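Me: I am new to reading protein models. Could you walk me through some features, one at a time?

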Amino acid sequence: MTDTLTICRPDDWHLHLRDGAMLKAVLPETVRHFGRAIIMPNLVPPVVTGAQALAYRERILAAAPGVGLFEPLMTLYLTEDTDPADVAEAHASGLIKAVKLYPAGATTNSASGVNDFDKVRPVLEKMAQIGLPLCVHGEVVRDDVDIFDREAVFIDTVLDPLRRATPGLRVVMEHITTKDGVDYARDAGPSVGATITTHHLVINRNHLLVGGIKPHYYCLPLAKRETHRLALRAAATSGDPTFFLGTDSAPHLDKDKESACGCAGCFTATNTMSILAEVFEQEGALDKLEGFTAHHGPAFYGLPVNETTITLTKGSPVPYPAKIDTPEGPLTVFDPGFALHWRVEA
Ligand code: DOR
Ligand code: ZN
């Protein structure tokens, strides 16, 4: 029986760090295990220019001791006013690694996102030209589309036409939650990658809703039915380089989640690697954990893998904090609902 596993240090290809006191509270949870992370730009106000991304990067690097070994990979938030020249300059300087597309109204702080895709055409064309990936929150925001169908409808009515209209555009389908997403990404060829979160490998919509609503399992895109969760697990553990880890770890204070109109987001930074080791072991695929967490993402983004390693050891259940404290109150760490036996060695 394997009980020690040494892998290249993993990266998180989709992470929310926020700002200020929250940034200081959550950053150590990621820095402990991960070498790099793609940093989401949906702050209030959003990170829309190269100058704002540079300033945010400096705040991140100043926010935690030991953060010097961690590399935040910055992104810009795409708006209908985004300047293609600013994007190209931020990319050429090495500052940004992607641009994030939020359909307006799709999720937390997405009000400045895109309504009219014609308005962002010049930016997308510039990105295709310079090879800069577009990270896509793939859900339509239409009253006539059921919230559980938003991803599948987005693929057919927005993503596929957008890709056809913009040859060469590299796309990351972020936090896919459906078999439709798995199939599209797998069949789309090397210009498309897809991130999968830790929590979507663990929960389906029953976990969210049966026996009382569980606000800490509420995220967007919503967890779907079990067939979709199984498709995600098969994709993540397949060894196919299309699929890589993007935790979408998204901290919100408990008071904002446990409310009449609760915020979307699961906070998984603390225990993600232990959960993933457990999931991959359940699937008989521990040998695929390194590819999913440490190799496929850098390959898509054209970056080297991390030079350092982490070691996981299997033993008695691994303790982790139920909550992380911040000056404004606690936030809850994702509970996978099963014991974790793989510990990341210090
Ligand atoms: O659950 C989510 N939380 N999904 C998103 O797309 C945004 C994120 C957040 O920023 O809280
Ligand atoms: Zn996200």
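Me: Where is Pro-45 placed?

Reply: Helices (H or I, at least four residues) and strands (E, at least two) are DSSP runs, numbered from the N terminus. Here Pro-45 sits in the loop between strand S3 (36–39) and helix H2 (50–61). Before we go on, this is a predicted model, where local features need pLDDT of at least 70, side-chain atom pairs count only at pLDDT 80 or more, and totals for chains, interfaces and linings use all residues. Residues are numbered from 1 along each chain as its sequence is written, chains are lettered from A and ligands numbered from 1 in the order in which they are written, and side-chain values use heavy atoms, with hydrogens and water left out.

Me: Which peptide bonds are cis?

Reply: In general, most peptide bonds are trans, and most residues other than glycine have a negative phi. The bond from Val-44 to Pro-45 is cis, with omega near -5°. The bond from Leu-220 to Pro-221 is also cis, with omega near -5°, and Pro-221 lies in the loop between helix H8 (205–209) and helix H9 (226–236).

Me: What is the phi of His-175?

Reply: Phi of His-175 is near 35°, a positive value in a residue that is not glycine. You will find His-175 in the loop between strand S7 (171–173) and helix H6 (179–187).

Me: Which residues are the protein donors of the zinc ion (ligand 2)?

Reply: Donors are N, O and S atoms within 2.8 Å of the metal (3.2 Å for Na, K and Ca); water is not among the atoms, so sites may look incomplete. For the zinc ion, they are His-14 (NE2), His-16 (NE2) and Asp-248 (OD), at 2.0 to 2.1 Å. His-16 and Asp-248 link distant parts of the chain, 232 residues apart.

Me: Which residues are closest to ligand 1?

Reply: A residue is near a molecule if one of its heavy atoms lies within 4 Å of it. Ligand 1 is surrounded by 13 residues, the closest being Arg-18, Asn-42, Leu-220, His-252 and Ala-264.

Me: Which atoms of Arg-18 and Leu-220 lie by ligand 1?

Reply: A polar contact is a pair of N or O atoms within 3.5 Å. A polar side-chain atom of Arg-18 is 2.8 Å from an oxygen atom of ligand 1, while a backbone N or O atom of Leu-220 is 2.7 Å from a nitrogen atom of ligand 1. The zinc donor His-16 has a side-chain N or O atom 3.4 Å from an oxygen atom of ligand 1.

Technical notes:
A polar contact is a pair of N or O atoms within 3.5 Å; within protein, one must be able to donate a hydrogen and the other to accept it, and residues adjacent in sequence count only if both atoms are side-chain atoms.
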